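Thanks for coming, everyone. Let me put the structure on the screen, and then we will walk through it.

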Amino acid sequence: MGPLTWHGDAVNTAERVLAYGGGWLDRAGELRTDPARLSALLTDATTVVLPLWRDRCLVDGNGPVRLTAERASLVRSAAGETVFLGLDGDAAVFAADLSALSEQSAVEMAGVARAVDVRALVGRLEPGEAAVQAYARGLLHWHRQQRYCGACGAPAVAGGGGHVRTCTGGECGRLLFPRIEPAIIVLVEAPDRPERCLLARHAGAPEGSYSTLAGFVEVGESLEDAVRREMAEEAGVPVTDVTYQGSQGWPFPAGLMVGFRATAMSEEIRVDGVELLEARWFTRAELRERVAEGRPLGRVDSIDHQLLHDWLAED
Ligand SMILES: [Zn+2]
């Protein structure tokens, strides 16, 4: 896919766009409720269809394919759901889910070489392309998980260009919207000098592998409440001065990562031994040493990486 048009707020230069984010498509929400227009767009010569197979994009030698014309129509006819992602200039962009096919059939139908997770490609893709593929992945994933109404159990059918499902149970008829699961991710600073930050080894992480602390927001909590609770629960560290740093859509499958900084009220650490196996304070010099040894600070495409590098850059 070629570079996409930026539709974000160009004035707000303070906002940093992390991997998978940004207004790369005009989401054109008004078209979702215009089935006649959407159906006309589907067969337009400029329309692009992105085929996906079970959370993976379908790639040829140049990266994820964008199909047009006959190939697009063929893929749509075999797809479980085809959803409207938005407009790239005047061209409509749809995503089609080939998950019901075998991997080989999906690959052949799309005329590509293989199926690959966008996260494995992120360093090599244009930012807009990674963002649109992640958006398609998350939306199609939701359709596969929301085939039935959770209230009455009747089948739910897609509508609104793929941005809503409607329960077909006569008296129920609930509207089901794509779910997003917010999580907080926090760089905790020590209360006193020397300046240090708190990193932890999470359950399942290899020896010597540390990252920032994170957790899901619970029902009825503000994001700040979740930061205070998670830090106290997982690391035994009460925190104050909870400050928003930025956010990142993380549709793998349904996350929204919200980054914070906070200051510990005490240096004492008491990990829960379940989610965290170990946690300790690191100075900037220690973190730089780890980077020099070739140990990355978080995934390169994640807000975790950004929080740590921002902190390192302050001294
Ligand atoms: Zn229902």
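Tyr20 sits in the segment before helix 1 (29–32). Helices (H or I, at least four residues) and strands (E, at least two) are DSSP runs, numbered from the N terminus. A word on what you see: this is a predicted model, where local features need pLDDT of at least 70, side-chain atom pairs count only at pLDDT 80 or more, and totals for chains, interfaces and linings use all residues. Residues are numbered from 1 along each chain as its sequence is written, and side-chain values use heavy atoms, with hydrogens and water left out.

Back to Tyr20. Its phi is near 75 degrees, a positive value in a residue other than glycine. Is Tyr20 buried or exposed? Tyr20 counts as buried, at 7% relative accessibility. Buried means under 20% relative accessible area, exposed over 50%, and partly exposed in between (1.4 Å probe, protein chains only).

Arg54 also has a positive phi, of about 45 degrees, and is not a glycine. Find Arg54 in the loop between strand 1 (48–53) and strand 2. Arg54 is partly exposed, with a relative accessible area of 41%. For background, most residues other than glycine have a negative phi, and most peptide bonds are trans.

Now the cis bonds. One runs from Arg193 to Pro194, with omega near -5 degrees. Pro194 is in the loop between strand 10 and strand 11. Another cis bond runs from Phe252 to Pro253, with omega near 15 degrees. Pro253 lies in the loop between strand 13 (239–250) and strand 14.

Next, the core. Which residues have the most contacts inside the largest nonpolar core? They are Tyr20, Cys197, Leu199, Leu287 and Leu308, in a core of 28 residues. A nonpolar core is a set of buried Ala, Val, Leu, Ile, Met, Phe, Trp, Tyr and Cys residues joined through side-chain atoms within 4.5 Å. Several elements give two or more residues to this core, including strand 2 (56–60), strand 10 (181–189) and strand 11 (196–202). Helix 9 gives the most, with five residues. The core draws at least three residues from each of domain 1 (29–144) and domain 2 (181–313).

Look at Leu308. Leu308 touches Leu187, Cys197, Leu199, Thr212, Leu287 and Leu297, not counting residues up to four places away in sequence. Touching here is contact, heavy atoms within 4.5 Å. Apart from this core lies another, of 23 residues, among them Leu31, Val65, Ala96 and Ala115.

On to the domains. The protein is divided into domain 1 and domain 2, with bounds from an automatic or database domain assignment. Their C-alpha centres lie 34 Å apart. Eight residues of domain 1 are in contact with five residues of domain 2. About 590 Å² is buried between the two, and carbon and sulfur atoms give 69% of that. Buried area is the accessible area (1.4 Å probe) that two parts lose on being put together, summed over both.

How many salt bridges does the rule find across the interface of domain 1 and domain 2? Zero salt bridges turn up there. A salt bridge is a side-chain nitrogen of Lys or Arg within 4 Å of a carboxyl oxygen of Asp or Glu. On the side of domain 1 that touches domain 2, helix 5 and helix 6 each supply at least two residues. Helix 6 has the largest share, five residues.

The whole structure has 24 salt bridges. Take Arg261 and Glu189: they form one, with the closest N and O atoms 4.0 Å apart. Arg261 lies in strand 14 (residues 255–264) and Glu189 in strand 10, so this pair ties together parts that are 72 residues apart in sequence. Both Arg261 and Glu189 are buried. They also belong to a network of salt bridges with Arg193, Glu195, Arg284 and Glu314.

Now compare Asp225 and Arg228, whose side chains meet in a salt bridge (3.1 Å, N to O). Both lie in helix 7 (residues 223–235), three residues apart, about one turn of the helix. Asp225 is partly exposed, at 30% relative accessible area. Arg228 is partly exposed too, at 38%.

Last pair: Arg179 and Glu181 form a salt bridge at 3.3 Å, N to O. Arg179 is exposed, at 54%, whereas Glu181 is partly exposed, at 28%.
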